[in-house]
Amino acid sequence: WPDQKVPMGWLGDTLWVADPSSGEVRRYAQGAGDPEVRGPRGRLADTPPEPVGRGGLAVPIPTSDPDRWLWTRPAQPPFVPYPLPDDPPGPEFLSLTDEWLMHRVMASLWAGVHELAVDTGDEAPIVIGPDPFEDHPLSAVAPDGSSVTVVVRDHPTLVLYQTQHVFRMDLEGDTVFSVERPADLVRIDGPTVDRISQALGTHPDLQAAVPVPGLEAHFVAGSLYRGPFHPPTSDLLVGTDGRTWLRGIDDGDGPVRWEVLAPTGELDAVFELDRQVRLVAADADGAWGLQDPLGDSPLLVRFEMEPVP
């Protein structure tokens, strides 16, 4: 696969290699000869499958259940007219059999999270990550592929009820938990936009593309999604122990509040963390995070959780 980033990894004594261009997976069993080639249509593949659009995984991934696979593809738009037809599709999560045939639709989300594409007026827009003020659903797959967790954080629900809906679906399409979490109604003001724009303006790709140094924040501010209120959850992480980590409102100033939900959905812990830290993995004892992820030398930091006496 010249000039391609090819996902690969070990599962037991078998090396799995995914080919994003064809949607095939090759399994190299220890001591075996030629690899088994599998495609997403439930058969050994020697022809490329239909392409997977934006927001989808090129190939299914194995899960903790040896008879189930997890596949993500772009969701179909709702049948009723949607107020923002230009929104990107959200993900649809599907449980597949061992032969890669459809088993269950676990969750189908609309719309998807906008990527923050900064238009500098010179070249193609620079995509620097998810838009910080976006209010569309967040989703995360469990590390072992056994479930999908979703946070519904739309503005109408926030205004009417000041809550956000958090739920988890397993590979059978059954609800593991479904809870309503209190959510603060905080307006997005000018100083917040300025602070967020200044922080995002340090992205190295953006700094390299801006024709006049020092105008990065100006271009970011002009490209932001401008909803009336902060999304109550700005990031979502699922730990190896089944707990859900919800990053709260980020106004660009000071630490950010995090909530940790137990595997059954009840509130388990609350803490504050520097907004410059992006958590990337969690387990029963704590989490791993990147300190200053947009900087030249981000640090991988381990955070331990201990109860407050």
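**View A. Thr-244 has Leu-261, in strand 18, as its bridge partner.** The model shown in these views is predicted: local features require a pLDDT of at least 70 and side-chain atom pairs count only at pLDDT 80 or more, whereas totals for chains, interfaces and linings use all residues. Residues are numbered from 1 along each chain as its sequence is written, and side-chain values use heavy atoms, with hydrogens and water left out. Strands are DSSP runs (E, at least two residues) numbered from the N terminus. Two strands count as paired if DSSP finds at least two bridges between them. Strand 17 and strand 18 are paired in the antiparallel sense, over 4 bridges.

**View B. An open sheet is formed by 4 strands in the order 16-17-18-19.** The pairing in this sheet is antiparallel. Strand 16 (235–238) and strand 19 stand at the edges with a single partner strand each, so one side of each has no neighbour in the sheet. From one strand to the next, the twist averages 20°; axes are lines fitted to C-alpha atoms, and angles run from 0 to 180 degrees between N-to-C directions.

**View C. Trp-245 and Phe-271 form an edge-to-face aromatic pair.** The whole structure contains 2 aromatic pairs. In this one, the ring centres are 5.8 Å apart and the planes stand at 70°. Rings of Phe, Tyr and Trp (its six-membered ring) pair if their centres lie within 6.5 Å; planes under 30 degrees apart count as stacked, over 60 as edge-to-face and the rest as tilted. Trp-245 belongs to strand 17 (residues 244–247) and Phe-271 to strand 19 (residues 267–273), so the pair ties together parts 26 residues apart in sequence. Trp-245 is buried, with a relative accessible area of 1%; buried means under 20%, exposed over 50% and partly exposed in between (1.4 Å probe, protein chains only).

**View D. Trp-258 and Phe-271 form a stacked pair.** The centres of the two rings are 6.1 Å apart and their planes are at 5°, so the pair counts as stacked. Trp-258 is in strand 18 (residues 256–261) and Phe-271 in strand 19, so parts 13 residues apart in sequence are tied together. Trp-258 is buried, at a relative accessible area of 1%. Through ring pairs, Trp-245, Trp-258 and Phe-271 are linked into a cluster.

**View E. Glu-259 and Arg-181 are joined by a salt bridge.** A salt bridge is a side-chain nitrogen of Lys or Arg within 4 Å of a carboxyl oxygen of Asp or Glu, and a search of the whole structure finds 10 of them. Between Glu-259 and Arg-181, the closest N and O atoms are 3.2 Å apart. Glu-259 lies in strand 18 and Arg-181 in strand 15 (residues 175–182), so the pair connects parts that are 78 residues apart in sequence. Both Glu-259 and Arg-181 are buried. A network of salt bridges links Arg-181, Arg-257 and Glu-259.

**View F. Arg-243 forms a salt bridge with Asp-241.** The closest N and O atoms of this pair are 2.8 Å apart. Arg-243 is buried, with a relative accessible area of 10%, whereas Asp-241 is partly exposed, at 26%.

**View G. Glu-304 forms a salt bridge with Arg-302.** Here the closest N and O atoms lie 3.0 Å apart. Glu-304 is exposed, with a relative accessible area of 51%; Arg-302 is partly exposed, at 25% relative accessibility.
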